[in-house]
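Subject: Structure handover

Hello,

Below is the structure I said I would pass on.

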Amino acid sequence: MFCVSTDIVVGLQVCSFKRPPPISPLGSAYNNFQVDSFKLMELLGPEKVDPADVKLIKEKLFGYSTFWVTKEEPFGDLGEGILFLGNLRGKREEVFAKFQTLLVEVTGNKYNLFMVEEPNSEDLDPRGGPRVSFGLLRKEVSEPGATTLWQYVIALLLFLLTIGSSVELGIASQINRLPPDVVKYFTDPNAIDPPDMELLFPFVESALPLAYGVLGVLLFHEVGHLLAAFPKKVKLSIPYFIPNITLGSFGTITQFKSILPDRSTKVDISLAGPFAGFALSLSMFAVGLLLSSNPNATEELVQVPSMLFQGSLLLGLISRATLGYALNTCRSMHATTVAIHPLLIAGWCGLTSTAFNMLPVGCLDGGRAVQGTFGKNALIVFGLTTYTLLGLGVLGGPLSLPWGLYVLICQRTPEKPCLNDVTDVGTWRKTIVTVAIFLVVLTLLPVWDELAEELGIGLVSTF
């Protein structure tokens, strides 16, 4: 098969080559600079697919009975791969499995083959579902790199900081017992001189149960990811804990260290962590509510501002229904402070942190789940909506801005495609993800003043 500089049809297959950079009218010096820059980018960039291998793959893999190639385009973040577009001539899953086997036989263990939806295609496949195309990338380009020593050091430092922020949360929950100088320093914006920090040492031991609860939710979350990833032979990175003084932690950043085989695997692993953390958080929240309404446990209770319960519509309503009526005083949650058990605080923080991580944006667990369930285009729509609601403070209340900045800096990029990025995940996964996103919204939606006044949640008159 012969190819020239323009697209021609030879043997009913299409060959196309990239044209050289256009010559600028600004002069030969600038033209030479363009050419040298182009060569430097090719030299320093990721290694591209060997044209000889492309020719061999087209001859040995594709054909009239499987997939008829009509066009080739760049594939990958930097165009280092090849995307084969054409017409599918069989059941996509069977054709893809056959291609994967033949690829190893033809080229060895050099490449990864991806089955993705054909970009910018408005037509559906005659057999049902979207039109598909096949992307080819070198393994060293497409597979995640190994964890470096510096990444281990950073992960350890973040974990130690998260322990500190969790203990700090436990100390702050005892605000009614802290020395006045300490309380004034942390609550009065005009306070300049820091108090003697040794005054906090006696409160560290009593802060540990709440800190254990926050760290336990993080541990359950990561174990959930690991248990879901292990049967699928998917490798995960070490977790990077994100400290936060309000919730104890914003959760963790855990990366995939393997290419995911299909979208169902992406959804299952992404949901397993939040569901495990949710189970422990809900248990602590429920037990905390029961202990808070137990008149025999008053010595273990701590006084917290009733405004806390305005931070979440769902959790505030549950707390109002339990504490308000259990204490036989309809105005109990409408006082300045409310006596609750530390387990309730740990459960509340765990549920809130889990809900933040299930927001459908970027490569958060919620973003991965939505991307795997409904596709990358749906994630873009969900993501823009989420950023807007966070920016307006509609979700997350006072935490919306720091969380939004954290996502923009660390988690904004969607997850890379799976090997089989086309096959549908099924109705029950779609239902679970939809219900989960709905509960996330209810959890992060604050109770506005009028509704809080009506329901008796928080002391609205203090605003």
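Seven of the eight residues of strand β4 are buried, so β4 is largely enclosed by the rest of the structure. Buried means under 20% relative accessible area; exposed means over 50%, and partly exposed lies in between (1.4 Å probe, protein chains only). Helices (H or I, at least four residues) and strands (E, at least two) are DSSP runs, numbered from the N terminus.

The model is predicted: local features need pLDDT of at least 70 and side-chain atom pairs count only at pLDDT 80 or more, while totals for chains, interfaces and linings use all residues. Residues are numbered from 1 along each chain as its sequence is written, and side-chain values use heavy atoms, with hydrogens and water left out.

The whole chain
The protein chain has 15 helices and ten strands. Of its 463 residues, 46% are buried. Contact means heavy atoms within 4.5 Å. Among contacts in the chain between residues at least 6 apart in sequence, 73% join residues at least 24 apart.

The sheet around β4
Strands of a sheet pair through backbone hydrogen bonds, either parallel or antiparallel. Here four strands make an open sheet in the order β3-β4-β6-β5, with antiparallel pairing. Two strands count as paired if DSSP finds at least two bridges between them. β3 (67-75) and β5 (111-117) are at the edges with a single partner strand each, so one side of each has no neighbour in the sheet. From one strand to the next, the twist averages 25°. Axes are lines fitted to C-alpha atoms, for helices over the stretch in contact, and angles run from 0 to 180 degrees between N-to-C directions.

Eight bridges join β3 to β4, and phenylalanine 75 stands opposite glycine 81 in β4. The hairpin of these two strands has five residues between them, and glycine 76 there takes a positive phi near 110°. On to β6: three bridges join β4 (residues 81-88) to β6 (residues 132-138). Isoleucine 82 stands opposite leucine 136 in β6, and phenylalanine 84 opposite phenylalanine 134 in β6. Helix α2 (residues 51-60) packs on the sheet and touches β3, β4, β5 and β6; its direction makes about 20° with that of β4.

The cores
A nonpolar core is a set of buried Ala, Val, Leu, Ile, Met, Phe, Trp, Tyr and Cys residues joined through side-chain atoms within 4.5 Å. The largest has 51 residues, of which Phe309, Ile340, Leu359 and Trp403 touch the most other members. Helix α10 (residues 342-357) gives the most to this core, with eight residues. A second, separate core of 30 residues includes Phe67, Val69, Phe75 and Ile259.

Serine 353
Serine 353 lies in helix α10. Is this serine buried or exposed? Its relative accessibility is 9%, so serine 353 counts as buried. Leaving aside neighbours within four places in sequence, serine 353 is in contact with Leu247, Ser249, Phe250 and Gly251.

A helix pair
The axes of α11 (residues 365-374) and α12 (residues 376-391) come within 7 Å and cross at roughly 140°. The contact is made by Gly367, Val370, Gln371 and Phe374 of α11 and Lys376, Ala378, Leu379 and Phe382 of α12.

Regards
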